[in-house]
Structure formats: C-alpha cells, structure tokens
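Student: I am new to this structure. Please take one part of it and walk me through it closely.

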Amino acid sequence: VVACGSRVERRLGLASAERRSPGAAAAEHHRDESRGGDCLEVFVKTFDPAKPVALEDLATIFRQTQRSPTSFNIQPWKAVVVTSTDAKAKLTAAMAQGNQPKVESAPVSVVFAADLDPAQLLTDATPDFIKAALPIFLGQCSTPEAWAFKQTSFAAMTFMLSCSAAGIQTCPMEGFDSIAAVCDAVGLDQDRYSVPVVISCGYALGDRPAKLSPRRDFADQISLDDAATPFPA
C-alpha cells in the first residue's frame with residue numbers, strides 16, 4: 001500500500017508539491033509528446049560497449065538509491081556493481097541465454113541482492129518495537145525471501161529512475177541460469193542473500209524503438225476505491 005499526496009512543509013510554509021523532487025525530475029526527463037505524453041524510457045536490449053558509465057555518476061545514483069523506502073528503514077538489500085571483463089564474464093555465464101548478450105554489451109550490470117536475514121541488520125540502537133514487529137511483518141509474506149524481494153524492488157526501481165534522470169538507459173532482468181549461479185558469480189553468501197533482479201545499464205547502441213511496448217487496458221488494471229470500480233482515465 002502506497003500513500004501519496006502533498007506534504008505541508010510547516011517550517012517553510014510551503015507544500016512539497018512546490019518543491020522539485022527527484023521523482024518529479026525523472027518524470028520531466030521522460031516527457032515525450034511525440035510518443036503520447038509522459039513515459040519511462042524504453043528499456044535497452046543492446047548497449048554501446050564503447051560508451052562507459054562514469055563511476056562518479058554511479059556513486060551519485062547509488063546515493064539516491066539508498067534513499068529508497070524499506071520497512072522500518074531496515075534497508076535489507078545489497079548491490080554488487082559489475083564492470084570488469086572477468087566479472088562480466090562470470091555474471092554473463094550465470095544469466096539465461098537470452099539475457100547474456102545484454103550483460104555482455106553493457107558497461108555496467110548491477111546485481112541487487114535481498115537480505116534473507118534482516119535481523120542481522122538490527123543493532124542495540126534499534127527501537128524495541130521494530131525488533132518485535134519485524135517477525136510479524138516477515139510472517140505476513142509467504143517466505144522471508146518474498147519479504148526481502150519486496151524491499152529490494154524499491155531500491156531497484158529507484159536505481160532505474162535515477163539512471164534515467166541522468167540519461168543512462170537500463171535493462172532489468174530476472175532470467176538467470178539460477179539464483180545460485182548469480183550468487184556464485186559475484187561472491188554472495190547464498191545462505192544470507194537471494195537475487196530478485198540484475199540491471200544492466202549504459203547507453204543504447206543504435207536508435208530506440210519506434211514505439212513503446214504494449215500495456216494492459218488502463219481501466220482493467222487501475223481501480224478507484226475498490227477493485228470493481230475503474231479509475232477514470
């Protein structure tokens with residue numbers, strides 16, 4: 001459940017809607033009237049290997065990614081940034097066949113890992129109510145992995161939006177040879193971590209597609225107040 005609205009900035013006497021947020025910047029960056037209004041960048045399938053992504057740009061993007069929301073601000077995720085030839089070869093071999101060319105061509109791929117043991121992230125300074133509530137929240141999901149994947153997905157989406165705002169294209173992938181193979185490729189402890197997504201990023205090779213990929217009918221997918229009432233398009 002996501003609550004949204006304009007926060008009143010009491011100290012400044014301004015509504016947050018009057019301030020420029022990172023999300024608003026990303027949305028404005030993707031305004032494309034010739035393609036039907038606001039849209040997210042088309043995900044790239046082939047990257048230009050001759051155009052690297054600067055590590056300082058990635059550092060800025062990851063600082064923004066660290067601001068993504070998580071339950072109780074526990075932040076149960078880890079990102080492994082793959083750039084070297086050897087590391088790319090290992091990760092490529094761990095991907096499903098159809099995704100291997102994307103990792104091969106991309107200057108950067110990021111393995112987003114979900115922490116399956118978030119209790120290890122709690123400290124003596126963690127409030128007691130969080131320590132008591134965490135097992136309850138984990139129990140609301142089918143498995144600890146499902147809970148951790150949900151938290152990590154916020155970070156992965158924030159990363160993609162931040163990349164897009166910086167003019168860097170992305171390609172999210174969940175097709176692996178196996179999650180274990182991905183963990184082995186980047187040195188993740190399989191008892192502690194699982195991998196919901198790998199995101200390659202860089203700059204597209206050639207022109208972007210002429211049209212956006214299709215989406216489900218708006219009225220069928222978005223409802224107002226209850227599931228049976230379509231949201232007015």
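Tutor: Start with a term. A nonpolar patch is made of residues with over 30% relative accessible area and no salt bridge, whose nonpolar side chains are joined within 5 Å. Keep in mind that this is a predicted model.

Here is such a patch. Phe 218, Ile 222, Leu 224 and Phe 231 form it on the surface. Together they have about 310 Å² of accessible area. Take Ile 222, one of the four. Ile 222 sits in the segment after helix H8 (218–221). Its relative accessible area is 32%.

Asp 220 and Arg 216 meet through their side chains, 3.1 Å from N to O. Both Asp 220 and Arg 216 are exposed.

The count of salt bridges comes to two. The other pairs Arg 192 with Asp 115, with the closest N and O atoms 2.7 Å apart. This pair links distant parts of the chain, 77 residues apart. Arg 192 lies in the loop between helix H7 (179–186) and strand E8 (193–202), and Asp 115 in strand E6 (residues 108–115). Arg 192 has a relative accessible area of 17%, so it counts as buried, under the 20% limit. Asp 115 is buried as well, at 2%.

Nonpolar side chains tend to be buried together in soluble globular proteins. The largest nonpolar core here has 23 residues. Among those with the most contacts inside it are Leu 91, Val 111 and Val 182. Strand E5 (77–82), helix H3 (85–94), E6, strand E7 (169–173), H7 and E8 each supply at least two of its residues. H7 gives the most, with five.

Leaving aside neighbours within four places in sequence, Val 111 touches residues including Lys 78, Val 80, Leu 91, Val 186, Leu 188 and Val 195. A second, separate core has 17 residues, including Ala 156, Phe 159, Val 197 and Ile 199.

Last, the whole chain. Its secondary structure comes to eight helices and eight strands. Of its 233 residues, 37% count as buried. The accessible surface is about 14,100 Å², and carbon and sulfur atoms hold 53% of that. Among contacts between residues at least 6 apart in sequence, 73% join residues at least 24 apart.

Terms used: Residues are numbered from 1 along each chain as its sequence is written. This is a predicted model: local features need pLDDT of at least 70, side-chain atom pairs count only at pLDDT 80 or more; totals for chains, interfaces and linings use all residues. Side-chain values use heavy atoms; hydrogens and water are left out. Helices (H or I, at least four residues) and strands (E, at least two) are DSSP runs, numbered from the N terminus. Buried means under 20% relative accessible area, exposed over 50%, partly exposed in between (1.4 Å probe, protein chains only). Contact means heavy atoms within 4.5 Å. Accessible areas come from the Shrake-Rupley method with a 1.4 Å probe; for residues, only the protein chains shown count as cover. Patches are made of residues with over 30% relative accessible area and no salt bridge: like charges are joined within 9 Å, nonpolar side chains (Val, Leu, Ile, Met, Phe, Trp, Tyr) within 5 Å. A nonpolar core is a set of buried Ala, Val, Leu, Ile, Met, Phe, Trp, Tyr and Cys residues joined through side-chain atoms within 4.5 Å.
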